[in-house]
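Please look through the sequence and the model below before reading on. The paragraphs after them go through the chain part by part.

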Amino acid sequence: MKLKDECGLFGIYSRSSEIAEVLHLGLFALQHRGQEAAGFALSDGRELRCYKDLGLIQDVYAKGNVRLFKGQIGIAHTRYSTQGESARPENAQPFILRRAGRWLALAHNGNLSNATQLREELLSDGVYFNSTSDTESLLHLYARALGKSPAEKLNALAAKVLGAYSALLIDGDRLIAFRDPFGFRPLVLGRRNEDWIVTSETAALDMVGAECVREIEPGEVIIIDREGLHSQRFGPQRPRRHCVFELIYFARPDSRLFGHNVYEFRKACGDLLAQKETHEIDIVVPVPDSGLPAALGYSRRLNKPLEFGLIRSHYIGRSFIEPYQASRVHKVRMKLLPLREVLQDRCIALVDDSIVRGTTSRAIVHVLREFGAREVHLRIASPPIVAPCYFGIDMPTREELVASTRTIPEITRFMGADSVIYLTVEELQYCAKDSENFCTSCFTARYPEESLPSEHPALEYLLPK
Ligand code: SF4
């Protein structure tokens, strides 16, 4: 599976002013959430230093000499660009602004579904933009919002803003963390000795030796200052809509999110998938690395051997592969090394977490056959993706999604597979247990009420109930 999340967040409020290393280490645990740009902002409550650029976290950290920055309050961000948007250094986060004698710095994970309207309104109010990012609008809206307290300002902001925002904000001498009323993207609170930490995933807390205190609630703002930590509610009441794709694919398997252990969730999806098996399988081959936990659950349930018929090369990145004018199959071969001895003359269940366009999966099926597989049965541990996400995951258009216009037999033919089995939405919801708290819009094309502007094009594609 190949999708891009848009961001990872890590913030700390400390008694020490030597926090640059911790920020770096914590953010490094979130590199999988975005590999295009990174940024750091540190404040001592009066002055603020920020460095951000295109590149991987460790390169940006080194290039900006961030280890020399001092301050008790810090936020850090790693980013992938949204669809169709080329990599631009000015879109890297955090965004900073000086307002009424105070520094503000904002880092955001998510996507504002009415970003165009918000930007137009701000432009007509005379706001100057340095970037094309919706996060810059969010910062201006906060800075201009009426109200004395952060919760009052966020109430005003939430009345205008639609979509997904988990965010970290330095506001003068305070660290503020807030999550939109639906709670699409994760945000967790941790403690390390006297330090407070807020980050996207618990794996980042583990990385810096912090304890997880709890998840920040949808529609909750946490304010951390010299007096300690204060929590308040803001925005309209909404049903929880945690992104189920975080559990399926995006989050690290060693994270615990939305009340689930991510690794165990993926294994449970694979287990359920195996219970639908209709073919006699010789071996189970995961698509590395994302299909591995589901393949493990699947193989255990069927009592069939899990074999690494494809080994992922760890020495090749997107930037190496993309410029080549090679076929998709050849590009897959550069990344995934097929083992002929494992595949030869076997009936294979090829297990992956999800399929988006289907072009990579099709190439993998082709490669398995080329290396001797007798039959290839594609097993997908989530439902068919039929609609794009507008809440922070970079998905292709509806037309480009392989399952948006094809039946299962048509997908099977497109893939060149012997059979294809997905989980149904109901089966995914069964694995999620508290299913009413999850967003499944990309599997149903039904978006939560009040999450999109009324004239949004996605609403034209609603599937019948
Ligand atoms: S539409 Fe899909 S990817 Fe987007 S928030 Fe909902 S479940 Fe997650």
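What follows is a walk through a predicted model, from its domains to its sheets, its ligand shell and some single residues.

The domain assignment divides the protein into domain 1, residues 4–238, and domain 2, residues 261–461. Between the C-alpha centres of domain 1 and domain 2 there are 32 Å. Domain 1 gives 19 residues to the contact, and domain 2 gives 12 residues. On the side of domain 1 that touches domain 2, the count by class is 5 nonpolar, 9 polar and 5 charged residues.

Glycine 39 is found opposite histidine 77 in S5.

Strand S9 (residues 174–179) is mostly covered, with 5 of its 6 residues buried. S9 pairs with strand S8 (residues 166–171) in the antiparallel sense over 6 bridges, and aspartate 171 stands opposite arginine 174 in S9. The hairpin of S8 and S9 has 2 residues between the strands, and glycine 172 takes a positive phi near 65° there. S9 is also joined to strand S13 (residues 220–225) by 4 bridges, and these two run antiparallel. In that pairing, leucine 175 is opposite isoleucine 224 in S13.

A second open sheet has 4 strands in the order S18-S21-S22-S24, and its pairing is parallel. Strand S18 (283–286) and strand S24 (419–422) are the edge strands, each with a single partner strand, so one side of each is without a neighbour in the sheet. From one strand to the next, the twist averages 25°. Strand S21 (residues 347–352) pairs with strand S22 (residues 375–380) in the parallel sense over 6 bridges. Leucine 350 stands opposite leucine 378 in S22.

Helix H9 (residues 292–302) has several buried residues, among them Leu292, Pro293, Tyr298 and Ser299. The buried residues of H9 pack against helix H8 (262–274) as well as S18, S21 and S22. Just after H9, asparagine 303 has a positive phi of about 55°.

Which residues are around the ligand? They are Phe184, Cys243, Val244, Phe245, Cys389, Phe391, Ile393, Cys439, Thr440, Ser441 and Cys442. Helix H7 (244–250) and helix H16 (441–444) each give at least two residues to this shell. By class, the shell holds 9 nonpolar residues, 2 polar residues and no charged residues.

Is alanine 403 buried or exposed? Alanine 403 has 24 C-beta neighbours inside 10 Å and therefore counts as buried. Its place is the loop between strand S23 (393–394) and helix H14 (408–415). Leaving out residues up to four places away in sequence, alanine 403 touches Ile355, Pro384, Ile385, Val386 and Ile411. The C-alpha atoms of alanine 403 and glutamate 120, 283 residues apart along the chain, are separated by 34 Å.

The backbone has some further points to note. Most residues other than glycine have a negative phi, and most peptide bonds are trans. Glutamine 93 and proline 94 are joined by a cis peptide bond, with omega about 5°; proline 94 lies in the loop between S5 and strand S6 (95–99). Another cis peptide bond joins proline 288 and aspartate 289, with omega about -10°, and aspartate 289 is in the loop between S18 and H9. Asparagine 193, not a glycine, has a positive phi of about 55°. It is in the loop between strand S10 (188–192) and S11, and with 10 C-beta neighbours inside 10 Å asparagine 193 counts as exposed. Glutamate 450, also not a glycine, has a positive phi of about 70°. Glutamate 450 lies in the segment after H16 and counts as partly exposed, because it has 13 C-beta neighbours inside 10 Å.

How values were computed:
Residues numbered from 1 in each chain as written. Predicted model: local features only at pLDDT ≥ 70, side-chain atom pairs only at ≥ 80, totals over all residues. Near = placed C-beta within 6 Å. Nonpolar A, V, L, I, M, F, W, Y, C, P; charged D, E, K, R; others polar. Pairing = 2+ DSSP bridges. Axes fitted to C-alpha atoms, helices over the stretch in contact; angles between N-to-C directions. Buried ≥ 20, exposed ≤ 12 C-beta atoms within 10 Å, placed from the backbone. Contact = placed C-beta atoms within 7 Å. Domains from an automatic or database assignment.
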